[in-house]
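Reader: I'd like to go through this model with you and learn how to read its packing. Can we take it feature by feature?

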Amino acid sequence: MVTMTETTNMTGDQFAQGLELLGWRQVEFAAKTGVAPDTVNRWIHDRQPIPAWAAAHLRLLLAAAEFHRLH
């Protein structure tokens, strides 16, 4: 089981690419998930590890967008 404090092996570049694919800015992800925009910026610039929940959330959003695109 993944806890809220575990980190993931997603890189900041991968996170930024995911946001770009969704058409989201860092501030939008922050607002929708209740984290500070500076925190998202630190994840993207590899100054702070990306929490497992944030990577999972982004992956789920990307999967939903892909499903929507295909159907």
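Reader: Let me start with one side chain: which residues does Leu 61 touch, not counting residues up to four places away in sequence?

Author: Leu 61 touches Leu 22, Trp 24 and Phe 29 on that count, where contact means heavy atoms within 4.5 Å. A word on the ground rules: this is a predicted model, so local features need pLDDT of at least 70 and side-chain atom pairs count only at pLDDT 80 or more, while totals for chains, interfaces and linings use all residues. Residues are numbered from 1 along each chain as its sequence is written, and side-chain values use heavy atoms, with hydrogens and water left out.

Reader: Where is Leu 61 found, and is Leu 61 buried, partly exposed or exposed?

Author: Leu 61 is found in helix α4. Its relative accessible area is 23%, so Leu 61 is partly exposed; buried means under 20%, exposed over 50% and partly exposed in between, with a 1.4 Å probe and protein chains only.

Reader: How do I read a helix pair, and what are the values for α1 and α4?

Author: Two packed helices are described by the angle between their axes and the distance between the axes. Here α1 (residues 12-22) and α4 (residues 52-70) pack at about 35 degrees, with axes 10 Å apart. Axes are lines fitted to C-alpha atoms, for helices over the stretch in contact, and angles run from 0 to 180 degrees between N-to-C directions. From α1 the contact uses Phe 15, Gly 18, Leu 19, Leu 21 and Leu 22, and from α4 Ala 54, Leu 58, Leu 61, Leu 62 and Ala 65.

Reader: And the nonpolar core: how many residues does the largest one have?

Author: In soluble globular proteins, nonpolar side chains tend to be buried together. The largest nonpolar core here has 12 residues, among them Phe 15, Leu 19, Val 40, Trp 43 and Leu 58. A nonpolar core is a set of buried Ala, Val, Leu, Ile, Met, Phe, Trp, Tyr and Cys residues joined through side-chain atoms within 4.5 Å. Helices α1, α2 (26-33), α3 (37-44) and α4 each give two or more residues to this core. Take Val 40: leaving out residues up to four places away in sequence, Val 40 touches Phe 15, Leu 19, Gln 26, Phe 29, Ala 30 and Val 35.

Reader: How should I read the rings, and how many aromatic pairs are there?

Author: A pair of aromatic rings is described by the distance of the centres and the angle of the planes. Rings of Phe, Tyr and Trp (its six-membered ring) pair if their centres lie within 6.5 Å; planes under 30 degrees apart count as stacked, over 60 as edge-to-face and the rest as tilted. The count comes to 5 aromatic pairs. Phe 15 and Phe 29 have ring centres 5.1 Å apart and planes at 85 degrees, so that pair is edge-to-face. Phe 15 is in α1 and Phe 29 in α2, so the pair ties together parts 14 residues apart in sequence.

Reader: Which residues form the aromatic cluster?

Author: Phe 15, Trp 24, Phe 29, Trp 43 and Trp 53 form one aromatic cluster.

Methods
Helices (H or I, at least four residues) and strands (E, at least two) are DSSP runs, numbered from the N terminus.
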